[in-house]
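Me: I want to check labels against their definitions. Ask the model to account for each one.

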Protein chains: 2
Amino acid sequence: MTMDKNTTPQSLVIVGSIGLDDVQTPEGEVRDALGGAATYSAIAASFFTPVGIVGVIGDDFPQTHLDYLDSRRIDLAGVERISGGKTFHWAGYYDFDLNVAHTLDTQLNVFADFKPVLPDSYKKASYVFLANIDPVLQLEVLNQVEKPKLTVCDTMNFWITGKRDALVEVLSRVDIAFMNDAEARQLTGCMSIVKAARAIQKIGPQTLIIKKGEHGALLFHNDEHFSAPSYPLESIADPTGAGDSFAGGFIGYVASVDDISPKTLRRAVIQGSVMASFNVEDFSMNRLRRLTCDEIAKRYSEFREMAHFDALEDASL
Amino acid sequence: MTMDKNTTPQSLVIVGSIGLDDVQTPEGEVRDALGGAATYSAIAASFFTPVGIVGVIGDDFPQTHLDYLDSRRIDLAGVERISGGKTFHWAGYYDFDLNVAHTLDTQLNVFADFKPVLPDSYKKASYVFLANIDPVLQLEVLNQVEKPKLTVCDTMNFWITGKRDALVEVLSRVDIAFMNDAEARQLTGCMSIVKAARAIQKIGPQTLIIKKGEHGALLFHNDEHFSAPSYPLESIADPTGAGDSFAGGFIGYVASVDDISPKTLRRAVIQGSVMASFNVEDFSMNRLRRLTCDEIAKRYSEFREMAHFDALEDASL
């Protein structure tokens, strides 16, 4: 059964995991909290534009979560609910080094047999984000969409080692790839992030976004290089979903302005950084639930203020 | 004996080590190459303004190095040559992770009994940079200068553990402190760099510059926060002196424009980043030896281009 209730074409489609998470950090813990890469990125994107989400859930997935997604203009036509199945479940914790997630348990459940099937209204999407899932499934999505303006993928270390060939094929077919710095190094064998980025561009995507956690993000776009700062948070409650909300803010902004010029991509990297910086302030989606568009605009301005410096006016050299 | 030949007051004085280094990296090696924190920072600063340097050398220090320093308008009145002594010597190597220097051997030699004595022409310096040396010696320098406009210190992990009280006293007396991110964490026990910076500001310096190597640098100035990108070098020949040339470019620029406004401090962080990015392109001071002011101005512009992003023009939220 799919929850189809909308047949107008979706401009932005996001495919990936929808899950329930148990997370423990030095700041506290949550159980069976709303999680999943597609969920985080769709909610972040929904602040900029409507989103269609493709994923799978079990009987146990609370209706309140579906109501929340629906309230955020996220279309659920692509969400398959498996009767008698259990939702994807991740349990993990973070120590004081919040850059490292320690997995305690991963139960794929209904995700184990997931085959993404795009509703017809999604196949003409202009913007497609393949959140972090098995690259074989990412390829199946690419095979179903018809001439999107922009395809974007995320991935993780698990697929770099376990499904390398499929991942390389995904990379050869998308326009933009997200990766963190360790993953870019792992994929290419290059210690230098600049060399790694060039090597990934040779595989396919001319635009690469390297997430560096507390050190911000880098955008490699053809020969251009853009360095985005990170927001100086004094404390982080829960890093879960930071990369997903980053990518969601990015693609949501791009889709909202319907433009893929370098200027827009730079602004989009900052919008992604803004969304990630809010997301980590509380557990699960709790901060995004109470986030306002005014807060987003204000933090975008703070990023500008933080990164600005003047030209050299005089010839003091 | 001191090499006094200039009695005009120095605007910028730099105190620290002058040495000879053996360095090995994946890109090659050098032996008895010109090194030392004061040397690197003075040469970087000399691209912006004349510098007076205070340090100690032995009989073995080659005249060609002194001639080079002299040719870069670096005043040597404060350099003491110990008859029969040997110059400070450091031997180390870097593996593929160029962020970590491995020390093979440190011979303090004439540096072991060094007591910095400022020539009279240095005591009224407006700008004083205490490069990375024993904080006890840094305090002796602070006791000799008369009302400088700006005092700046650098340090390292060795003094944080070995001379903590003296270092805290230095910090309580300077205007600006340089530290790398690991050192700021080590000194304060805070994992969060923002919390660590606030803790260091409470000790004294209202301006703190956190060096993050390949991740750029952060400037904390009162309540302001500035994030400077790093330059995307494809390869690094030798990281030795990166932090020193960074600090030297910073203080040299500030002294050259004789202004300590927030705008100038931000520009100065970028000038420091520019100098460090050139310095690591070759061994020892080899890149700085052939560097031109045009190259510096061009790279400063590249940093601007790399960090720039537009405001949000419309109300797309």
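Me: What makes a residue one that Val174(B) touches, and which residues are they?

Reply: Contact means that two C-beta atoms, placed from the backbone, lie within 7 Å. By that test Val174(B) touches Thr151(B), Val152(B), Cys153(B), Gly204(B) and Pro205(B), with residues up to four places away in sequence left out. This is a predicted model: local features need pLDDT of at least 70, side-chain atom pairs count only at pLDDT 80 or more, and totals for chains, interfaces and linings use all residues. Residues are numbered from 1 along each chain as its sequence is written, while chains are lettered from A and ligands numbered from 1 in the order in which they are written.

Me: Where is Val174(B)? And how far is Val174(B) from Val152(B), in sequence and in space?

Reply: Val174(B) sits in the loop between helix 5 and strand 10 of chain B. Helices (H or I, at least four residues) and strands (E, at least two) are DSSP runs, numbered from the N terminus. Val152(B) is 22 residues from Val174(B) in sequence, yet 5.8 Å away in space, C-alpha to C-alpha.

Me: Why does Val174(B) count as buried?

Reply: Buried takes 20 or more other C-beta atoms within 10 Å of the residue's own; exposed takes 12 or fewer; partly exposed is in between. Val174(B) has 24 C-beta neighbours inside 10 Å, so Val174(B) counts as buried.

Me: Why does strand 7 of chain B lie largely in the open?

Reply: Strand 7 (residues 101-107) of chain B has 7 residues and the number buried is 0, so the strand lies largely in the open.

Me: What makes strands 6 and 7 of chain B a pair, and in which sense do they run?

Reply: Pairing requires at least two DSSP bridges between two strands. Strand 6 (residues 88-94) of chain B and strand 7 of chain B share 6 bridges and run antiparallel. So the pair qualifies. Tyr93(B) faces His102(B) in strand 7 of chain B. The two strands make a hairpin, with 6 residues between them.

Me: What makes strand 5 and strand 13 edge strands in chain B?

Reply: The open sheet has 9 strands in the order 5-4-1-8-9-10-11-12-13 (chain B), with mixed pairing. Strand 5 (74-82) and strand 13 of chain B each pair on one side only. Strand 12 (residues 217-221) of chain B pairs with strand 13 of chain B in the antiparallel sense over 5 bridges. His221(B) has Glu224(B) in strand 13 of chain B as bridge partner.

Me: How many bridges join strands 9 and 10 of chain A?

Reply: There are 2 bridges between strand 9 (residues 150-153) and strand 10 (residues 176-180) of chain A, which run parallel. Cys153(A) is partnered by Ala177(A) in strand 10 of chain A.

Me: What describes the packing of helix 3 and helix 5 of chain B?

Reply: Two packed helices are described by the angle between their axes and the distance between the axes. Axes are lines fitted to C-alpha atoms, for helices over the stretch in contact, and angles run from 0 to 180 degrees between N-to-C directions. Helix 3 (residues 135-144) and helix 5 (residues 164-173) of chain B pack at about 35 degrees, with axes 8 Å apart.

Me: Left-handed or right-handed: which crossing does helix 3 of chain B make with helix 5 of chain B?

Reply: Left-handed means the near helix is turned anticlockwise from the far one by less than a right angle; right-handed means clockwise. Helix 3 of chain B passes helix 5 of chain B in a left-handed crossing. Contact residues include Leu139(B) and Leu142(B) in helix 3 of chain B, and Leu167(B) and Val170(B) in helix 5 of chain B. The contact divides into 7 nonpolar, 1 polar and 2 charged residues. Nonpolar covers Ala, Val, Leu, Ile, Met, Phe, Trp, Tyr, Cys and Pro; charged covers Asp, Glu, Lys and Arg; polar covers the others, Gly among them.

Me: Why is the relation of chain B to chain A that of a two-fold axis?

Reply: Superposition is by least squares on C-alpha atoms of residues with pLDDT of at least 70 in both copies. A rotation of 180 degrees with 0.0 Å of shift along its axis puts chain B on chain A, with RMSD 0.0 Å. That is a two-fold relation.

Me: How do you know that the copies meet through the same surface?

Reply: The contact takes 37 residues from chain B and 37 from chain A. Helix 11 of chain B gives the most to the side of chain B that touches chain A, with 7 residues. Of the interface residues of chain B, 100% are also interface residues in chain A, so the copies meet through the same surface.
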